[in-house]
Structures are given as structure tokens and as C-alpha cells.
Amino acid sequence: MEHMSLPERVVRGVLIALIVLFFLFPIFWIFLMSFQTNEDILRIPPSLFFTPSLSNYSALITGKLVSTAGTLDIAFMKNLWNSVLLSTASVVIALILGVPAAYAFARFKFRLGEDIAFTLLSFRFAPPLLVLLPLSLYFQQLGLTDTYIGLIWVYQLIALPLILWIVRGYFEDLSPDIEYAYRVAGHSWWRTFTRIAIPLAGPGIAAAGLLAFIFCWNNFVFALILASAEKQPVTVGALAFVTASGIQYGQIAAAIVLSVAPTLALALYAQRYLVEGLSLGAVKG
Amino acid sequence: MSEAALSIKSVDKIYEGRGKGPVHAVKNLDMNVQRGEIVALLGSSGCGKTSTLRMIAGFEEVTHGDIVLEGRRVNQMPPARRNVAMAFEGYSLYPPLTVRDNIAFALKSARSSAKDVQRSVADVAHILEIEPVLDRYPSSISGGEQQRASLARALVRQADLYLLDEPMGQLEPRLRAVLRGRLKSLLVDRRMTAIFVTHDQTEANALADRVAVMEGGVLQQFASQKDLRERPTNLFVATFVGEPPMNVFESKVVNGDRVRFAIDGGPTFDFADSDIPPSVRAAIGRRDKVVVGVRPHALRLGAGSGNARIVSNQWLGDQSHLAMEVAGKLMVAVSHAPIPAEVGDRLQFGVSASDLHVFDVSTSAALSHGLEAA
Amino acid sequence: MANLEIRSVSKEFKTGKVLDRISLAADNGEIVAVFGPSGSGKTVLLRLIAGVEQPDEGTILLGGRDVTDQAPERRGVGMAFQNFALFPHMSAFDNVASALTAHKTPPESVRAKVEKIAALLKIEHVLGHAPRELSNGQKQRTALARALVAEPKILLLDDPLRNVDAKLRYEMRLELPSLLKASGSTVLYVTQDYKEAMALGDRIAVLSDRDFAQIARPAEIYGRPATINVASLFGDPTINLIPVEPLASSTGPKIGIGGAALSLPPGYGHVTGKLGVLGLRAENIVVEDTASQESVPVEVVAVTPLNERTLLLLRTDDGREILASEAGMNEAPRRHGPAFARFDPEAILLFDPASGRRIAPQSA
């Protein structure tokens with residue numbers, strides 16, 4: 001590696017600090033806000049110094065918001081549970097469907113294979129709003145509105161293409177000779193798939209699952225339109241804080257912190273795998 | 001006397017390991033290459049030869065010691081400023097340029113006329129037989145053609161030193177033999193100083209004036225091919241140089257009225273006092289154990305005090321390779337005529353004193369080669 | 001054990017046809033070396049026989065049974081791959097055992113068989129290690145062990161010594177023949193090294209240009225190659241190929257090289273007046289200081305000492321380059337300068353330039 005001279009290093013450090021500040025500042029501010037009361041938040045000029053209070057968090061957790069207008073029931077914990085249920089179930093189903101499909105795409109060269117794969121990926125590109133109107137009509141006809149099953153099914157639009165593309169890349173990276181060796185040794189293709197291909201592509205599958213989980217968790221539009229308050233995840237649930245008696249900034253901030261925390265923790269924990277998984281498929285060969 | 005074009009002085013290279021600890025890839029290397037000399041760095045993978053080449057080129061930093069090119073200490077000089085031409089694995093051709101443009105690119109700074117540049121490119125392309133692909137792009141030609149194009153790009157320049165990393169590794173044997181001859185003529189005609197890395201002894205022998213044998217980061221011997229083969233400084237060089245490798249055995253030695261070598265678990269060879277010169281006897285001295293070595297071509301078959309069972313007899317068209325079970329190992333003999341013997345037969349064999357190499361059992365240093373002390 | 005037969009097998013990929021109606025039959029217990037330059041389709045052939053690829057046309061028979069449509073796990077074949085193809089997430093023991101676990105062999109039997117083959121291949125002390133902890137030589141032996149452990153009727157070895165260093169490769173070249181014979185399997189051994197093919201094969205099948213150019217015993221391939229291509233692929237240094245036009249004369253057919261008229265054996269009388277290509281191996285040329293009846297004046301242009309031989313680059317008066325090889329290392333190496341080259345007429349090969357096929361001398 002070449003050496004950087006001292007001035008070059010200082011400039012580099014300053015630029016990085018500025019970028020980090022730019023991206024992380026809003027998160028930092030919201031974190032602060034979650035410990036402030038509404039009065040503190042709305043004070044002008046805004047101040048970095050205040051007495052921290054846990055009232056926002058306790059309101060969320062107990063489900064009761066005591067305000068000047070009276071006591072309000074908050075379903076935030078229910079929303080959190082919905083997020084967990086929907087994201088987890090969607091990812092599990094997407095993995096069950098997607099991993100074998102990814103294997104098929106990687107190993108069996110069939111006509112139109114590339115075209116089908118690309119079509120499936122294109123679902124990620126389509127703006128959700130485009131499909132929402134027809135989808136909500138279908139859902140009503142099928143009786144799927146406001147059901148977990150309906151939402152999990154729709155979430156496949158998010159999770160499945162992701163898993164297909166990332167896991168296919170990992171399968172393609174595996175030398176086919178290793179699988180041939182297992183087959184020639186006397187094992188069926190199913191055993192080869194479960195005992196050789198899946199374990200060796202493990203990191204990729206985990207990364208894909210993680211990424212799909214994060215994207216499902218973050219989804220807003222599908223849940224907004226296709227579910228009612230009882231089944232809504234945290235992304236939509238935060239809207240409840242825009243009440244008749246005013247916007248409860250403190251609670252929103254606390255809700256955001258609680259919503260972001262799980263996925264942030266997951267991402268930090270598995271960041272290496274995520275970077276690997278994200279760059280696969282982008283560069284061939 | 002010609003000056004040293006390249007001087008490597010007490011150079012060490014230590015790679016900081018990640019989690020595994022530091023790797024001492026090159027240990028205290030001292031080497032001088034004369035102007036116009038062709039030197040091969042020969043060794044198995046991991047011996048330090050590639051690290052050495054990269055340090056000379058400037059792609060790796062020297063941990064300790066100095067690299068001196070044409071009298072200038074170049075440790076801190078970036079590769080582009082060293083006036084060194086390179087053909088390295090991974091130092092590949094520029095994809096958006098044709099092969100012709102790639103080679104010509106190397107002459108950009110040379111300030112020659114366009115006509116001269118084209119002529120130089122055509123000359124070197126002719127020598128390396130890549131004229132048919134001059135106007136193709138690197139991605140569309142075979143691995144062997146890419147390698148030759150990379151070589152052409154290095155050779156077309158006027159540089160103080162030419163560094164080649166496994167220059168013919170990708171080529172099939174037929175082409176290799178032809179190009180070797182041409183490459184050698186080119187290097188000699190233009191008096192180019194060149195250092196190349198290889199693990200192929202035939203290549204080293206065919207191209208180099210002197211060969212530096214490396215192992216474990218340490219320079220084992222730096223000498224002409226003849227000296228490496230006839231006077232290897234230690235057991236490693238003796239068994240590394242030469243295909244098939246030298247047969248070596250641990251042996252008890254009795255250095256009295258007669259000189260007797262009794263191979264452990266094998267035959268005994270007696271030599272009269274007159275067969276072994278005093279210098280050799282003095283070199284062996286008072287030792288009672290040594291390692292003896294004899295090259296496969298030097299074994300006398302059909303007579304002698306050795307008697308062993310034949311394990312394999314392979315005729316390779318122009319020579320016979322015979323393997324026999326001696327002292328628990330396989331001993332190989334080579335003959336230029338087919339040997340009429342079957343697997344399982346027993347065959348007598350012997351060795352003359354002039355073909356025996358003796359090494360010290362603990363240091364592996366050579367004690368004597370045939371009728372001369374080491 | 002079983003014999004192996006492929007009949008009129010073809011395989012084509014997007015990049016072109018790789019094998020064009022090739023046929024081969026190997027006897028029970030025979031070792032057939034499949035030799036050819038890189039890219040000639042040798043690996044594809046093995047994959048077709050193993051069943052991991054399907055031929056476009058043709059039949060594959062193992063032990064007399066048509067297995068062309070059979071899945072690989074049913075064919076009872078053992079295979080060793082060029083880049084080892086060991087399972088990275090299993091120990092060496094489990095790698096080898098995988099060839100037995102598919103058939104519900106009881107664990108004690110598995111252990112016994114694995115340990116036996118490991119002892120034979122000298123890897124018993126590394127069985128507990130993962131593949132990444134093994135040296136190349138150990139990986140290669142583990143891959144071999146995996147192929148051999150189930151005592152398969154057919155053994156397919158895809159250039160197993162390619163990625164192993166020169167010294168180990170030579171050692172294994174000496175040990176493999178007896179190991180393979182002891183196993184009793186019918187073996188197809190793929191290699192790019194002609195010496196390996198000659199050392200290991202009972203017969204050699206030379207694959208080039210999408211078909212077998214010649215299938216014969218090693219001595220036959222070396223001494224009576226079917227085509228110019230086969231002749232060039234065997235022999236180090238490569239055989240000298242000289243265009244000649246034999247002419248009839250009172251003393252039999254003669255050819256002109258470098259200004260000298262040299263005799264050919266009378267058996268070539270039938271090709272006088274036609275263009276031909278003379279094949280002359282370097283070891284069959286004798287370089288001398290004095291002229292003799294059948295010698296060509298040459299200039300020794302380069303002297304290259306190689307493994308226990310000296311290679312001489314000779315140039316004739318009309319500029320032709322010929323390589324000659326002398327056995328042994330001369331104490332007084334031949335110097336550059338004028339000399340004379342002579343060869344034994346019986347050792348020459350003559351080829352038809354149009355078809356590349358060798359012209360056999362006719363007996364009187």
C-alpha cells in the first residue's frame with residue numbers, strides 16, 4: 001500500500017467525519033428526542049442539554065399515553081410483535097421457496113432461464129404503488145385483506161427476488177466438481193443439495209435472509225393499505241402518534257428508536273456478510 | 001570486469017500476518033547480478049523467489065537491507081521510476097487496447113518515431129509468434145497468447161533490467177521449447193540483463209547463465225547449471241536439481257585402509273584406497289555416518305555389490321526409468337536404452353567413486369563430489 | 001471388475017463440438033491413458049462416463065450394461081478430479097467415507113475400509129484434518145483414496161498429478177501403476193504429460209481434434225505414430241519435421257537435406273515423386289566431426305545442456321533448423337561451428353503432408 005502524506009490523511013479524516021455526521025446526525029437527534037418531553041422538543045432554540053426522561057418509553061411499553069386530553073391507548077407493542085411475525089414468517093417462506101429455486105437457476109441451464117430470473121428480480125424494481133390498487137382489489141375479492149397470510153404473501157415480492165439473486169450467486173460460485181464428486185460417490189441429487197450445496201452456500205443464505213428481513217421490516221406501503229390497525233407493523237404504527245391532540249414527537253422518537261433497534265443490531269452484527277451478499281451478482285466472474 | 005547491474009544486500013522480507021503471525025519470506029539475501037547476465041530464481045512455491053522479484057520491481061517494500069540498481073539505492077523508488085521492464089502474473093494487458101497498442105504503449109516514453117515503434121513491435125511479435133493476434137483484444141485471445149503478449153510488452157522496451165515471472169508457465173511444451181531458444185537469442189543479442197522466476201528446472205537450465213536456488217526464504221546456491229548439478233552445496237540442492245532427483249541414503253562409513261559405505265538397510269560399497277583421493281577422505285574425516293547420493297544416470301546396472309527388487313520399469317520413448325526397492329525407499333536408475341527386466345526381478349547395481357556425492361548427516365552440507373572434496 | 005466401452009459418443013457445447021463420434025473399449029483391469037493437449041475434451045469424456053454430463057449421441061456401456069441414461073450415483077464408478085474437489089466442510093476421513101456412506105455400509109466396516117486405503121496412500125495421520133489444512137500432496141491422495149475406497153469397477157482419474165509439485169509427481173508416477181493394478185479396477189487415466197501416459201498406460205488413447213487419433217500401446221505410439229500430430233505430441237524435444245520429396249535412384253529412394261542426398265529404406269520406394277514430411281527424433285541424430293557417406297553438413301548453432309542430455313541446435317546450409325540430442329553430459333561439450341549429422345534410415349518416419357497420416361514402408 002502506498003503511504004499517504006500527513007496532509008492527505010488529515011483531509012481524508014475530515015471528509016469522512018463530515019460524511020458520517022451528515023448521515024448519522026438525524027439518527028442521533030432522534031435518539032436524543034426519545035428521552036425528551038414534548039416541551040423540551042418544541043423549545044426554541046433547540047438545546048442539547050436537558051433532563052432525560054423515560055416517560056416516552058414507558059408510555060409505549062405500557063400502552064397508555066397520558067396527555068392533557070386524557071388517556072390514549074397505544075398499540076405500539078402489538079405493532080412491534082406484528083413486525084417480528086411478518087418479517088420472520090416472510091423470510092422463512094421466501095427461503096423455503098427461494099433457495100431451491102436459486103439452486104435450479106444456478107445449476108440447471110434451461111431455456112429462458114436467464115429471462116425468468118431477471119423477471120423475478122424486476123419485481124424489486126417496480127414501485128409498490130404501481131401494484132397496490134389492483135392488489136387491494138384482489139385481496140378484497142379473495143378475503144385476504146387484513147390477514148397475516150395476505151401480508152406474508154405480498155411480502156414475498158420483497159423477499160423472494162432478493163434471496164433468489166443473492167443465493168444464486170453463491171451457488172454459482174461453488175465449484176460444480178464438488179457436487180459431481182458427491183454424486184459419483186453414490187448420493188442422489190437431493191442429498192447432494194442438502195448435504196453439500198446448502199452447507200457450503202450457508203453464509204450466502206444467511207446474508208440473503210438477513211437482508212430480506214431488514215427490507216421486510218422496513219416496508220411501509222403494503223402494510224398501510226392492506227392491513228388494519230391490529231395487523232400493522234411498526235412502520236405504520238408510528239402514524240398513530242399523529243393524534244387529534246397534537247403530534248407526540250417524543251413518543252414517535254421513542255417508537256422509531258425501538259423500531260430501528262432490532263434491524264440495526266442485526267445489521268451491525270452481520271455487516272461483513274451483508275456487504276458480501278450485496279456485491280454478488282453485480283460483478284460476474 | 002562488468003559492474004553489478006543489480007546488487008541485493010542483506011535483504012529480508014517479513015510479511016505481517018493477520019492472525020497467523022509474521023511470515024519471514026526472504027531471509028538475509030545477498031546476490032549480485034552482472035550486466036548482461038541472465039539469472040533464474042528457482043524453487044518450489046513459497047520459497048521466496050516471487051517476493052524477491054517483487055522487491056526488485058518495487059511492488060513490495062524491503063523490510064531490511066538494500067536493493068541497488070545500477071549503483072543507485074532504489075528501496076523507496078516507485079516501480080515506474082526504476083527503469084525496469086516487467087512481465088508479471090497479474091500485471092496483465094489493458095483490456096481496451098489491442099495487443100499491438102498494448103505493446104506499443106510500453107514505448108510511449110521512448111520518444112521514437114511511429115515507424116520505429118511499429119517496427120519494434122513487429123520484431124518482438126515475430127519472435128514470440130503472436131503476429132496473428134496483434135490486432136485482437138486481450139479478452140479474445142488464449143491464455144498462452146496473453147502471456148506472450150505480456151512478455152512482448154516487457155521485452156520491447158529499453159530497460160536496465162528485465163524481470164519475468166514464470167514467463168512461459170501457460171504455454172504447452174512444444175511452444176515452450178521453440179520460444180525458449182528465441183528468447184535466449186534475443187536476450188543475448190541485445191545484451192539484456194534479465195531475472196526470471198520459475199519452478200521448472202528445464203526452463204532455468206535452458207535460459208539462465210546462473211541459477212539461484214531458493215528454499216524457505218534462504219538462497220541455497222547461486223551458480224551455473226553445471227555447478228549446481230555437479231557440485232551442489234547441500235542436500236537440498238542435490239535432490240532438487242535434476243530430474244529424476246538424486247538418490248540419497250543414510251550410510252555408515254568406515255574410513256580406514258579401505259573406504260566402506262554401508263547404506264542403512266541396504267547394500268555396502270567398498271572402495272580401495274586408491275579409488276578415493278586423500279582430499280575426499282580428509283573431507284569425510286572421522287565421521288561414522290554420512291549421507292551418500294548418486295544420480296539416476298550414474299548407476300551401473302547389471303553388476304556391483306547392490307542387489308534389489310525392481311518395482312517399476314517405464315520406457316518413455318527415449319529413456320528407461322527403473323525403480324528398485326533399496327533401504328525401504330525407491331531408488332531410480334535411468335538408461336537410454338530399454339532395460340529387459342520385469343517388475344519383481346532382482347537386478348544387481350553398482351556405483352563408481354567418481355559418481356558418489358557425500359553429505360554431512362546433521363548439517364546436510366556437501367563434503368565431496370566424486371573425486372573432489374566440496 | 002468390468003470393462004468399459006463407449007460407442008460413437010458426441011458432445012457439443014455452445015462453444016462448439018468437443019467430441020465427435022468417438023469410440024473406445026477398455027478391457028477388464030486395463031489402464032488406458034487418455035492423452036491430449038489442453039482443451040481437447042478429455043475431462044468432458046470422463047464426465048460423460050461418470051454420468052454428470054449427458055452425451056448428445058452414442059452409448060456408454062459399463063460391464064456390458066448400457067448406462068447412458070443412468071444417474072451417476074448408480075453407475076458404481078470412482079472418480080478423482082484435477083482440482084481434488086474435496087468437501088471443504090468435512091474432515092478427510094468423512095471425505096473418503098462419503099463413497100461408502102451412500103450404500104448404508106455399517107460404521108465399523110466404513111472405518112476399516114477408510115483406514116486401510118489411507119494406510120496404503122500414507123495419509124492415515126491426517127484423516128482428522130479438514131481439507132484446507134492439508135498440503136497439495138495430501139489433498140491429492142485423499143481424493144484418490146475417496147475414488148478407491150469403495151473398490152469401484154471403473155476408475156476415472158482426471159489428471160490427478162497436475163496440481164502437485166514436480167518431485168511428488170515423479171514419486172507418484174512410480175507408485176501409481178502398482179497401486180492401480182492391485183485395485184483391479186479398469187482405469188481411464190487422463191493426462192497432458194506424455195511421459196505420464198507412457199509410464200502408466202497399458203494403452204494410450206490420443207485425443208485431439210475431437211476424436212481419437214490413435215489408440216495403441218505406448219511403444220507403438222512412440223515408434224509408429226499414426227499422424228504428424230501424434231508424433232509431435234510424444235517426445236522431448238519435439239520431433240523434427242522436414243518437408244522432403246523422395247526421388248528414385250539406382251540405389252533406392254533418396255531425399256535431399258541441406259544439400260546432401262540421403263538414403264531411405266527401400267520400403268519407401270512407392271512414394272517417390274510425391275511430397276512428404278520426414279519425421280526425425282532428436283535422439284536418433286548423431287553429430288560427428290567428420291563426414292561420412294550419409295551425413296549432412298551442418299553448423300552447430302546452440303548447445304543447451306538439459307537433464308543428463310545435451311541439446312544441439314543445428315542449421316543446415318539451406319537454413320533449416322534441426323534439434324539433435326546427445327545422451328550424457330559431455331566433459332568437453334561440443335563447440336559451436338561446423339559438424340556433420342547422420343541418422344539411421346530405419347528410424348525415420350514419413351508422413352503425407354495433405355492428410356497428416358504416416359506412410360508405412362512396404363515390405364518387398
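**Exercise 1.** Into which domains is chain B divided? Describe how domain 1 and domain 2 of chain B meet.

*Solution.* The model is predicted.

Step 1. Chain B has domain 1, covering 4–230, and domain 2, covering 240–373.

Step 2. Their C-alpha centres are 38 Å apart.

Step 3. Contact between the two involves five residues of domain 1 of chain B and five residues of domain 2 of chain B.

Step 4. On the side of domain 1 of chain B that touches domain 2 of chain B, helix α7 (residues 225–230) gives the most, with three residues.

Step 5. Sorted by class, that side of domain 1 of chain B holds two nonpolar, one polar and two charged residues.

**Exercise 2.** Which chains have the most contacts among the pairs that touch, and how far apart are the closest C-alpha atoms of chain A and chain B?

*Solution.*

Step 1. Two pairs of chains touch, and the pair with the most contacts is chains B and C.

Step 2. Chain A and chain B are joined by no contact; a contact requires C-beta atoms, placed from the backbone, within 7 Å. The closest C-alpha atoms of chain A and chain B lie 9 Å apart.

**Exercise 3.** How many residues of chain C are in contact with chain A, and which elements of chain C each supply at least two residues of that side?

*Solution.*

Step 1. The contact joins 17 residues of chain C to 15 residues of chain A.

Step 2. On the side of chain C that touches chain A, at least two residues come from each of β6 (77–80) and α2 (92–101).

Step 3. The classes on this side of chain C are eleven nonpolar, four polar and two charged residues.

Conventions. Residues are numbered from 1 along each chain as its sequence is written. Chains are lettered from A and ligands numbered from 1 in the order in which they are written. This is a predicted model: local features need pLDDT of at least 70, side-chain atom pairs count only at pLDDT 80 or more; totals for chains, interfaces and linings use all residues. Helices (H or I, at least four residues) and strands (E, at least two) are DSSP runs, numbered from the N terminus. Ala, Val, Leu, Ile, Met, Phe, Trp, Tyr, Cys and Pro count as nonpolar, Asp, Glu, Lys and Arg as charged, and the others, Gly among them, as polar. Domain bounds come from an automatic or database domain assignment.
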